[in-house]
Protein chains: 2
Amino acid sequence: MAEPKKAKGPLTIYDVASRAGVSIASVSRVLNGQGTPRAETRERVMRAVRELSFVPDGAARALSNGLKEVVGVVFRRGGETLFEGEDESFLFIDVINRGIEVGAQRHGFDLLISSVGFNDDNVAARIGALAGKADGLILHDRMLSAVGIARLADMVPVVTLAGSPTPASINVRCDNESGIRALVRHLAIDHGYKNLGYVSGRSDSPDNRTRSRAFETEAAAAGADIDTGPAWQGNYSAAGGANVVASLLDAGRKLPRAILCANDQTALGVMHELAQRGRQVPRDVAVTGFDDVPVARHMHPPLTTVRQPMQELGAIAFEVLYTRISAGGGNPDTVLPVEFIVRESCGCRSAGAKEKT
Amino acid sequence: MAEPKKAKGPLTIYDVASRAGVSIASVSRVLNGQGTPRAETRERVMRAVRELSFVPDGAARALSNGLKEVVGVVFRRGGETLFEGEDESFLFIDVINRGIEVGAQRHGFDLLISSVGFNDDNVAARIGALAGKADGLILHDRMLSAVGIARLADMVPVVTLAGSPTPASINVRCDNESGIRALVRHLAIDHGYKNLGYVSGRSDSPDNRTRSRAFETEAAAAGADIDTGPAWQGNYSAAGGANVVASLLDAGRKLPRAILCANDQTALGVMHELAQRGRQVPRDVAVTGFDDVPVARHMHPPLTTVRQPMQELGAIAFEVLYTRISAGGGNPDTVLPVEFIVRESCGCRSAGAKEKT
DNA sequence: CGCTTACCGGTAAGCGCTTACCGGACCCTA
DNA sequence: TAGGGTCCGGTAAGCGCTTACCGGTAAGCG
């Protein structure tokens with residue numbers, strides 16, 4: 001406690017070293033637990049560090065050992081928040097991010113986040129800048145085109161969520177096929193609904209394509225008729241779902257006995273519009289979602305859906321990325337199991353029932 | 001397009017320089033728009049950069065010019081999610097973070113986030129590590145004790161949200177006094193309620209102390225009686241609010257004519273419990289919140305509350321921090337105006353009415 | 001036509017840290 | 001007491017970038 005404070009210029013390892021009366025190498029060794037410093041040396045260094053409340057500069061560390069301990073996470077910020085309850089959509093993203101964070105913290109990494117608006121122009125530039133500040137990137141759904149991802153992936157390790165792998169990037173997703181299969185079978189076989197419709201998500205989403213294809217396959221396998229066509233195109237938002245129902249009805253088309261939705265948001269909109277038009281769910285038409293967002297259980301009636309293990313998805317995404325960063329390799333196409341959640345919008349009465357898929 | 005790709009070792013400015021046939025200094029100058037490179041030089045460099053899709057290393061840059069272009073943001077992750085709708089609480093945080101991000105992007109900064117669980121032990125250590133990776137820190141409410149903040153603040157610029165300034169740190173908050181004043185006057189004067197209660201937030205929250213004190217002052221000024229005491233201690237959660245009502249009623253105490261709550265979450269719990277106990281809002285007892293979270297308008301009845309400009313708060317917080325980082329100084333105690341939102345839980349009928357405070 | 005002035009762009013010195021390498025001190029053995 | 005082996009810990013070389021400084025070339029001027 002010689003002087004109260006030196007020149008205010010941020011402290012460096014040299015300040016600590018001179019205060020402890022050792023060399024900077026020793027300070028570094030103590031701080032990183034390398035080598036075998038004598039107990040007394042360690043003690044002296046620790047005391048100096050404590051007294052000065054020194055924290056080593058991350059940039060210098062990163063430069064020196066080639067590891068920033070930072071993952072970049074990029075996602076879309078909602079731009080079409082209209083419907084009541086719609087805010088939930090980014091809760092969804094948030095849960096995944098939390099999962100990433102949990103995984104990251106296990107390895108001393110932090111999350112560098114960057115959200116992108118729907119009409120931001122310089123997305124690629126922004127992501128590029130992020131790439132420079134991180135050891136690897138995790139991209140949420142639909143952030144970049146396949147070639148954009150590929151380009152990015154050969155400057156920095158990249159993991160995409162709910163997309164599809166490219167030669168250089170890794171993808172982590174949920175088992176959409178199983179989820180849709182469970183839904184279709186439950187509706188077509190358990191309930192015996194012979195006519196199904198599928199309100200799709202954004203057409204550029206790999207998840208949506210997978211679900212859509214699985215829907216057709218499984219419906220055929222279960223011997224159910226399906227309603228299709230451009231009128232069934234949604235966009236993952238509640239408004240999109242409501243719109244599909246509205247235009248179907250306005251065109252005088254007959255609704256199928258059950259409607260599967262690309263995600264819970266869409267189901268929310270579909271059910272809302274159905275209620276507006278005086279149709280009862282599930283009596284007149286059954287509705288199902290996908291995702292199991294928190295509101296799903298509080299809808300009227302509670303939504304039958306498929307739960308994706310979001311938080312785990314985030315954690316796994318980090319883990320895969322971490323492997324790639326530190327060792328290279330890693331499974332380029334990781335698929336996580338989903339869980340079929342039966343509630344009441346399908347026509348069932350009991351709550352609570354669950355089935356693993 | 002000589003060779004398809006060199007050794008996979010991440011590219012450096014040297015690779016770009018040699019490909020463009022110039023020195024690294026020129027590359028750097030072109031990339032940063034410094035000096036006056038000849039048009040042809042610029043062109044050569046840009047082409048090389050594009051062909052290699054080079055992105056300069058953030059750590060090296062940071063080390064070299066003493067600016068990481070990263071702000072650390074620390075917040076608490078909910079650990080007591082129990083009540084329906086409670087998830088909203090971190091939506092609140094998210095909106096602020098969005099605001100920070102918006103401010104940050106204007107200056108090319110990114111957000112390094114770190115959430116802390118309610119029973120994480122090594123909080124200070126984690127925040128310290130963050131500090132090393134960022135140019136400055138923004139701490140959400142109740143992250144660290146005053147001395148913890150002070151210690152942190154002399155290693156890196158710190159802005160706290162809804163706290164109070166310390167000699168070295170800056171604080172940004174909303175004008176709680178005006179908000180409470182508007183609420184109290186509306187209830188006591190406009191509605192003529194002569195007896196008020198205040199369900200407080202966590203006792204260690206500066207915002208709560210301010211609101212609590214303002215409540216007492218304003219109630220006295222408006223000539224209303226107040227109910228106080230330890231039974232009125234809440235904790236910002238819906239469960240806390242419900243608990244206050246429950247224990248008051250269980251103890252056979254008479255409820256005041258109107259109950260102000262420390263935040264909307266609390267009001268949610270209070271109204272829920274009131275409904276459980278068969279009390280009607282606002283007929284039997286009026287209830288008000290604070291924050292104006294999204295659900296507030298969808299409660300039954302819609303909640304009269306005070307809106308805090310969350311996103312703006314985040315943006316301002318960044319701006320103040322940025323000033324401190326780049327120039328030093330900056331107003332250490334920034335106060336943002338709030339907006340009084342009249343809905344129905346206070347006893348008013350009309351929706352929509354608003355008053356600036 | 002020779003010298004000054006401007007303008008570019010290259011060379012090299014750090015930024016704060018990690019770590020390979022090496023030399024000094026000490027202990028053990030003969 | 002001398003030689004060899006062990007430990008510790010210091011010295012210095014980078015990590016990839018920015019930028020001060022300076023030398024070379026070309027243009028401007030008398």
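Biologist: By class, how many nonpolar, polar and charged residues does the surface near DNA strand D have?

Modeller: Happy to! The surface near DNA strand D has twelve nonpolar, twelve polar and four charged residues. (Ala, Val, Leu, Ile, Met, Phe, Trp, Tyr, Cys and Pro count as nonpolar, Asp, Glu, Lys and Arg as charged, and the others, Gly among them, as polar.) Please keep in mind that this is a predicted model, in which local features need pLDDT of at least 70 and side-chain atom pairs count only at pLDDT 80 or more, while totals for chains, interfaces and linings use all residues. Residue numbers start from 1 along each chain as its sequence is written, with chains lettered from A and ligands numbered from 1 in the order in which they are written.

Now for who sits there. DNA strand D is surrounded by 28 residues, where near means a C-beta atom, placed from the backbone, within 6 Å. Chain A brings A:Ser23, A:Ala25 and A:Thr36 to the closest group, and chain B brings B:Ile13 and B:Ser28. H2 and H4 of both chain A and chain B each supply at least two residues of this surface. H2(B) has the largest share, six residues. (Helices, H or I with at least four residues, and strands, E with at least two, are DSSP runs numbered from the N terminus.)

Let's turn to the other strand. Around DNA strand C there are 28 residues, and A:Thr12, A:Ile13, A:Ser28, B:Ser23 and B:Ala25 are the closest. Twelve nonpolar, twelve polar and four charged residues make up the surface near DNA strand C.

Next, the helix packing within each chain. In chain A, helix H1 (residues 13-20) packs on helix H3 (residues 39-52) at about 125 degrees, with the axes 9 Å apart. That angle makes H1(A) oblique to H3(A). (Axes are lines fitted to C-alpha atoms over the stretch in contact, and angles run from 0 to 180 degrees between N-to-C directions; under 35 is roughly parallel, over 145 roughly antiparallel, 65 to 115 roughly perpendicular, and the rest oblique.) From H1(A), A:Asp15, A:Val16, A:Arg19 and A:Ala20 meet A:Arg44, A:Val45, A:Ala48, A:Val49 and A:Leu52 of H3(A). These contact residues divide into six nonpolar, no polar and three charged.

In chain B, H1 and H3 pack at about 125 degrees, with their axes 9 Å apart, which makes H1(B) oblique to H3(B). B:Asp15, B:Val16, B:Arg19 and B:Ala20 of H1(B) make the contact with residues of H3(B) that include B:Arg44 and B:Leu52.

Finally, the chains touch each other. Chain B and chain A each put 33 residues into their contact (C-beta atoms, placed from the backbone, within 7 Å). On the chain B side, H4, helix H5 (88-106), strand S2 (110-116) and helix H6 (123-133) give two or more residues. S2(B) gives the most, six residues. This side has 15 nonpolar, seven polar and eleven charged residues.

Terms used
Two residues are in contact if their C-beta atoms, placed from the backbone, lie within 7 Å.
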